[in-house]
Amino acid sequence: MNRFIAFLRKEFFHIFRDPRTLVILFGIPIAQLLLFGYVLTNEVRNVKIGIVDNSKDYLSIKLSERILSSGYFLLAATPATESEYEGLFRSSKVKEIIVFEPDFARNLIKEGKAGIQVIADASEPNAAQLIVNYTTAIANDFVRDEFVKEQKLPGIAIKVRMLFNENMRDAYNFIPGLIAVILMLISAMMTAITITREKESGTMEILLASPLKPIQIILGKVVPYMILSIVNALVVLILGYFVFEVPIVGSLSLLLAEILLFIFLALSLGILISTFVNNQVTALALSGFVLMLPSILLSGFIFPVKNMPIALQIIANLMPPRWFIEINRTVMLKGGGLAEIWPHTLILIGMSLLFIVISIRKFKIRLQ
Amino acid sequence: MIEVNEIHKHYGDVIALEKVSLSVNKGELFGLIGPDGAGKTSLMRILMSLLLPEGGAASMSGYDVVKDYKQVRLITGYMPGRFSLYPDLTVEENLKFFATVFGTTIQQNYHLIKDIYQQIEPFKDRRAGKLSGGMKQKLALSCALIHKPEILILDEPTTGVDAVSRKEFWEMLKRLKEMGITILVSTPYMDEASKCDRIALIQKGQLMSVETPQAMIKSFPEDLWAVRTRKIYDTSKYLELLPALISVNSFGQVLHLVTKKGVHTSKSIGQFLSQKGELDYSIEPSTATIEDLFILLMNHHKQN
């Protein structure tokens with residue numbers, strides 16, 4: 001046990017004394033988080049919209065003006081019939097169409113309730129959700145300002161329809177995906193690199209010639225990254241929760257358990273890579289191209305797996321992040337439990353076992 | 001203590017070791033002398049159980065290097081040819097790490113490394129990567145010794161180290177030997193051979209000779225002359241035409257001339273040179289060095 005602790009100490013020295021490692025470990029995750037968080041989703045400005053006013057009373061006109069003067073939206077179309085909507089969306093002439101119901105003002109005053117339908121182009125889910133949120137917020141403010149003297153505020157019922165992706169629930173789909181990408185990066189890539197570094201520097205020769213068992217060497221290399229990965233996952237969750245207000249609807253402990261499972265999987269994958277390659281550059285290239293790109297592109301992080309061609313879907317299904325991201329979305333955003341995600345969990349467990357068994361069989365107690 | 005029996009190893013078409021047999025006694029300082037690529041490192045790695053031999057067997061202190069590799073690793077200290085400590089750990093952290101890995105502490109075996117470690121102790125908080133070559137070797141030796149091994153295997157420990165540090169290093173090895181540690185050390189420097197109890201000359205995976213350095217020098221079967229001259233190149237060209245010549249090699253400013261036993265005298269060689277018009281020279285009989293022997297054996301092997 002002493003041996004193992006000494007090994008861990010050594011490993012932490014390596015990590016904390018190498019600025020490059022520290023940047024990869026802590027800089028990149030936070031940079032990615034902010035990048036995905038702000039750059040990719042927060043661009044709501046001069047969004048082209050269409051307005052269909054079936055009421056044309058003073059309140060509907062006033063609200064329309066308010067929406068258009070907010071700076072977020074530009075009026076691009078006033079379609080006369082519903083059949084025009086899809087064409088406008090398809091040609092990207094508008095990103096959103098707001099439809100006022102007839103007798104908007106009368107309903108709002110007399111009944112205390114009036115309806116607006118908001119149709120958004122959900123082919124860019126994050127953007128669509130944001131646009132809808134802004135519209136909703138403006139409408140709510142409007143009611144509050146307009147009926148400031150009333151005892152009981154009337155309400156505007158906003159019926160949202162996401163076009164092209166009807167049941168889009170996960171506007172915040174980047175956080176669940178990002179956790180997968182970051183964990184892949186840190187756990188798998190860093191593990192592969194740190195083990196190959198020992199091979200490259202010749203210290204593996206000494207470690208092998210020592211009484212350390214292979215399992216001690218591997219665990220000693222892996223445990224520090226496991227700890228750091230957990231810290232990173234928590235940082236992303238916390239930042240997501242407080243900065244981007246991504247909810248965690250489902251069970252937190254289930255989510256953490258699944259994250260732990262995925263970390264274990266990524267680490268086994270890193271070990272597996274390190275048993276194949278002998279230098280850091282190859283390890284980096286292999287992790288980069290074989291792990292990072294597929295886990296960003298084929299995992300459903302950015303492009304939905306369902307929309308891929310069959311051949312790519314098959315490949316995507318072999319990518320661990322594809323399952324993990326789905327687990328994350330289900331638990332975090334939809335509040336699902338083990339009942340929904342047990343097949344995914346089983347797949348991840350199976351993959352981990354496969355990787356670890358191959359690694360142990362391939363790990364050499366000798367130089368060749 | 002170390003028994004090597006007909007060990008065979010090759011990498012692809014290249015033969016690294018060809019039926020190598022040797023035995024090192026307990027408490028002996030044994031030198032493996034040969035140029036780069038002679039097979040020294042391969043032999044040491046096989047003994048350290050880091051490589052598998054393709055044929056033959058070897059044992060360390062009775063433990064088979066293939067079957068009992070775990071015990072072999074416990075009782076031996078190993079210093080690979082390349083500096084293989086952690087450059088980002090300090091001197092003390094490196095030593096402490098290796099002590100713990102072998103289940104011991106610095107204090108417990110401090111007496112073993114005291115002589116060596118004291119010299120680098122003032123720099124114990126310095127990162128190992130920032131040490132000079134000589135200090136790195138001292139640290140590596142300390143790390144290899146910290147678990148009180150019965151056998152030390154040192155792969156070219158003095159390569160790339162300055163002359164003073166090399167001398168110190170051999171003195172340290174001598175003291176370790178006196179403590180009863182069996183040492184197998186390899187070196188490409190022939191002049192270090194005389195510091196060993198016994199040496200093995202190795203070339204292209206074959207052992208050419210195993211003897212004490214003194215016996216090896218005595219065994220030199222031919223006549224050897226030291227020829228001093230101003231024009232080394234010209235003189236050596238003339239000497240190549242000498243009858244009964246075996247070889248002529250330059251050793252710095254001196255030419256070592258090897259001729260068949262009992263054929264020549266200083267005088268007869270002098271006459272030969274004078275005939276060629278060479279006047280400014282001196283010739284005297286000389287005792288062979290290990291290098292002379294190595295060259296002789298090497299040429300001999302080539303012819304066979």
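This is a predicted model: local features need pLDDT of at least 70, side-chain atom pairs count only at pLDDT 80 or more; totals for chains, interfaces and linings use all residues.
**Note on chain B**

1. Residues are numbered from 1 along each chain as its sequence is written, while chains are lettered from A and ligands numbered from 1 in the order in which they are written.

2. Helices (H or I, at least four residues) and strands (E, at least two) are DSSP runs, numbered from the N terminus. Two strands pair if DSSP finds at least two bridges between them. Strand β9 (residues 198-203) of chain B pairs in the parallel sense with strand β3 (residues 29-33) of chain B, over four bridges. Here B:R198 is the bridge partner of B:F30.

3. β9(B) also runs antiparallel to strand β10 (residues 206-211) of chain B, joined by five bridges. B:V210 in β10(B) stands opposite B:A200. The hairpin of β9(B) and β10(B) has two residues between the strands, and B:K204 takes a positive phi near 50°.

4. Helix α1 (residues 40-47) of chain B is largely enclosed by the rest of the structure, because eight of its eight residues are buried. A buried residue has 20 or more other C-beta atoms within 10 Å of its own, with C-beta atoms placed from the backbone. Among the buried residues of α1(B) are B:K40 and B:R45. Just after α1(B), B:S49 has a positive phi of about 65°.

Technical notes: A residue is buried if 20 or more other C-beta atoms lie within 10 Å of its own, exposed if 12 or fewer, and partly exposed in between; C-beta atoms are placed from the backbone.
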